[in-house]
2 protein chains.
Amino acid sequence: MTPSITTFRWVPPFARGHVRDIRARWAFEETGVAYHVDLVESAKTPEHRAFQPFGQVPTYRDDTVELFESGAIVLHIARQAPGLLPADPPGRARAEQWVIAALNSVEPFVTDLVTVDLFQADKPWSSTRRPAVVEALRARLGDLAAALGDKTFLDDAFSAGDLIMACVLRSVPRNEILAAYPTLLAYLDRCTARPAFRKALADQLALYAPADKRAEVTA
Amino acid sequence: MTPSITTFRWVPPFARGHVRDIRARWAFEETGVAYHVDLVESAKTPEHRAFQPFGQVPTYRDDTVELFESGAIVLHIARQAPGLLPADPPGRARAEQWVIAALNSVEPFVTDLVTVDLFQADKPWSSTRRPAVVEALRARLGDLAAALGDKTFLDDAFSAGDLIMACVLRSVPRNEILAAYPTLLAYLDRCTARPAFRKALADQLALYAPADKRAEVTA
């Protein structure tokens, strides 16, 4: 059985290229594991929630396991074939550490800003709260830049940790915020220049291209 | 070499019992792995940040690896001895999924409320924002309660996923919020009634007991 993931059949334009199945797609491309995509109209249905309690995408399914949480899906794919995890257990533990650091120590600060600027932009508290949100995010990015130093990736070689961290950094406003950390900006660009990411991104965007443009985009 | 973790020599009273080394301590107790604790005055020093980029505790060190991120530390401890991960790879992937679900899909909503009620309680936006924060947290808890259903733990047996989820749920206001989800409340109490948690909690609290009471508490 070819592993499958779910994603949305349709998303609004601002989300295209950023739906979280991009993380699983990227992991499949890095490891060369074939996969297919099942489309859902909504993630809030009881049928979908049976696999994803929080009503989100992606979910993952293969012969052995059904999973949700993009971080766990990426780690599971990474264990099926070389490409995203070192062979030695300490290196694997460090890659896992960076996956969790991205998801628990960086992404919540990015999400705070996206919430202020997008999802709750109309709420009266968003504009007054924004400077504190930006300040907290900048502190995290400064810490992350210090940890990266002049290294190419967070550890010795590109790993699942870099994959998830790059996905998180893609949602940081590039000019206003990320540009102040040139090594992080270069790191993000280095990660997203990888052929596996370009392929994953093109495949997600092709799905959401208008029907009459779809052949052109996927060509 | 006995594995070691770091934690703070002193924390304010409201944090006692909730410093994140509790997660590592609990994992050590569940697996029966001996450990010792190194105390730091501050996590913001360059020396500490060399091991923990975000200036937090705990960090972990053994003969093979140095790690930060409590979720990654718990998973690493869990791989050293039975007690927190099933033997089969699919079961391990699901336990990891619940670790990440707790850290990325539940904890940020809990942290939002703690921020509003504690860390930024004096900010003008906190009181106006609070109802939306409570509503979002309640939605997540409802989803989690549905996923738990009438099961004893999130998967077949107590795992690292339950350990981290219980630590996250401990920070949810019990009477105002958690009591509306009786199965979650019972789940939390079932997790924290485990002898391994009681030992971990007692050990953390003993560290912060006033010097003249310390002998009594640790006796």
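## Basis of the model

This is a predicted model, in which local features need pLDDT of at least 70 and side-chain atom pairs count only at pLDDT 80 or more, whereas totals for chains, interfaces and linings use all residues. Residues are numbered from 1 along each chain as its sequence is written, and chains are lettered from A and ligands numbered from 1 in the order in which they are written.

## Architecture of chain A

Chain A contains nine helices and four strands, where helices (H or I, at least four residues) and strands (E, at least two) are DSSP runs numbered from the N terminus. Their order along the sequence is β-α-β-α-β-β-α-α-α-α-α-α-α. Chain A has a radius of gyration of 18 Å, close to the 17 Å given by the globule rule for 219 residues, so it is as compact as a globular protein of that length. The radius is taken over C-alpha atoms, and the rule is 2.2 Å times the number of residues to the power 0.38. Along the principal axes, the C-alpha atoms of chain A fill a box of roughly 45 × 45 × 35 Å.

## Burial and core

Of the 219 residues of chain A, 40% count as buried. A residue is buried if 20 or more other C-beta atoms lie within 10 Å of its own, exposed if 12 or fewer, and partly exposed in between, with C-beta atoms placed from the backbone.

The largest nonpolar core has 100 residues; such a core is a set of buried Ala, Val, Leu, Ile, Met, Phe, Trp, Tyr and Cys residues joined through C-beta atoms within 7 Å. Among the members that touch the most others are A:Ala160 and B:Ala160. Beyond residues up to four places away in sequence, the contacts of A:Ala160 include A:Ala27, A:Val74, A:Leu84 and A:Val99. Contact here requires C-beta atoms, placed from the backbone, within 7 Å.

Chains A and B each contribute 36 residues to their contact. On the side of chain A, β4 (66-68), α3 (70-78), α4 (89-119) and α5 (124-148) each supply at least two residues. The largest share, 13 residues, comes from α4(A). This side of chain A divides into 19 nonpolar, nine polar and eight charged residues. Ala, Val, Leu, Ile, Met, Phe, Trp, Tyr, Cys and Pro count as nonpolar, Asp, Glu, Lys and Arg as charged, and the others, Gly among them, as polar.

The same surface serves both copies, as 100% of the contact residues of chain A recur in chain B.

## Helix α7 of chain B

In α7 (residues 182-192) of chain B, B:Leu184, B:Tyr187, B:Leu188 and B:Cys191 are buried. Seen down the axis of α7(B), the buried residues fall within an arc of 100°, so they line one face of the helix; the arc is that of the directions from the helix axis to the C-beta atoms. B:Pro182, B:Ala186 and B:Asp189 are exposed on the other side of α7(B). The cover over the buried residues includes α5 (124-148), α6 (160-169) and α8 (195-208) of chain B.

Technical notes:
Contact = placed C-beta atoms within 7 Å.
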